[in-house]
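Hi,

Here is the structure we talked about passing on. Have a look at it first, and then read my notes below.

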Amino acid sequence: ATVSDRLVAAWTSCAAGDGPQELVVEAAADGWWYTMGLSDRHRAVVFVTDTDIARRLALDSQEGWGEALGHTRFVSQLARQATDPPRLSPAAGRRLATVANDDLVAAGDAAAAFDPLSGHGVARAMRSGVFAAYAVADRLMRQDPTGFARYSAWLSRDAARSEEHTSELQSHHD
């Protein structure tokens with residue numbers, strides 16, 4: 001897989017309390033937070049940032065996590081009682097090197113995942129599913145394997161556009 005950035009998600013869960021169960025997103029100086037209700041009366045609490053910032057803020061420790069959470073306005077009101085220590089998980093944009101051949105056709109996040117704040121994840125995943133289906137249909141119904149190459153090329157162009165857009169946004173931010 002090709003990795004396009006260095007995003008990491010620091011996450012934990014807490015008691016849901018009386019707060020809203022829907023998704024709440026909050027920007028922060030070093031990244032962004034989100035929290036949402038889960039089905040088991042808990043809520044997920046996540047801070048997404050670059051790997052080096054997560055390390056500097058010690059987001060994998062209770063102390064670092066608590067300090068970063070304390071700088072939020074809305075998420076801290078909803079995430080008072082964490083039940084588990086924070087954990088770090090890769091959240092980087094990535095793309096499979098081979099997304100389609102006779103043995104595998106990957107679509108959606110299995111083929112390529114992008115910065116979640118781009119707001120295009122669901123639409124991209126659905127579009128890639130449609131194009132992957134066309135490639136499979138070409139192969140199975142017409143014995144034409146060139147659909148796999150077209151699908152792969154489309155996905156590569158789409159990923160390149162997304163990475164370019166993300167780079168432009170980052171350069172405006174810096």
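**What I found**

Let's start with the fold as a whole: among contacts in the protein chain between residues at least 6 apart in sequence, 62% join residues at least 24 apart. Contact here means heavy atoms within 4.5 Å.

Two notes on the ground rules. This is a predicted model, where local features need pLDDT of at least 70 and side-chain atom pairs count only at pLDDT 80 or more, while totals for chains, interfaces and linings use all residues. Residues are numbered from 1 along each chain as its sequence is written, and side-chain values use heavy atoms, with hydrogens and water left out.

The protein chain has five helices and ten strands; these are DSSP runs (H or I, at least four residues, for helices; E, at least two, for strands), numbered from the N terminus. Of its 174 residues, 36% count as buried. Buried means under 20% relative accessible area, exposed over 50%, and partly exposed in between (1.4 Å probe, protein chains only). The chain exposes about 10500 Å², and carbon and sulfur atoms supply 55% of that. Those areas come from the Shrake-Rupley method with a 1.4 Å probe; for residues, only the protein chains shown count as cover.

**Helix H2**

Which residues of helix H2 (residues 62–70) are buried? They are Gly64, Trp65, Ala68 and Leu69. These four cover an arc of only 130 degrees around the axis, so they sit on the same side of H2. (The arc is that of the directions from the helix axis to the C-beta atoms.) On the other side of H2 you'll find Glu63, Glu67 and Gly70, which are exposed. The buried residues of H2 pack against strand E2 (7–15), E4, E5, helix H1 (51–57) and helix H3 (75–78).

**Val46**

Now click on Val46, in strand E5. Val46 is buried, with a relative accessible area of 7%. Leaving aside neighbours within four places in sequence, Val46 is in contact with Ala9, Ala10, Trp11, Trp32, Trp33, Tyr34 and Trp65. Trp65 is also one of the buried residues of H2. Val46 and Val8 are 38 residues apart in sequence, and their C-alpha atoms are 9.9 Å apart in space.

**The aromatic rings**

A search of the whole structure finds five aromatic pairs. Rings of Phe, Tyr and Trp (its six-membered ring) pair if their centres lie within 6.5 Å; planes under 30 degrees apart count as stacked, over 60 as edge-to-face and the rest as tilted.

One of the pairs is Phe131 with Tyr134, which is tilted: 6.3 Å centre to centre, with 35 degrees between the planes. Both are in helix H4 (residues 121–142), and because they are three residues apart there, about one helical turn separates them. Tyr134 is exposed, at a relative accessible area of 53%, whereas Phe131 is partly exposed, at 29%.

Phe131 also pairs with Trp154: the ring centres are 4.7 Å apart and the planes are at 85 degrees, so this pair is edge-to-face. Phe131 lies in H4 and Trp154 in helix H5 (residues 146–173), so the pair ties together parts that are 23 residues apart in sequence. Is Trp154 buried or exposed? Trp154 is buried, with a relative accessible area of 13%. Ring pairs link Phe131, Tyr134, Tyr151 and Trp154 into a cluster.

Happy browsing!
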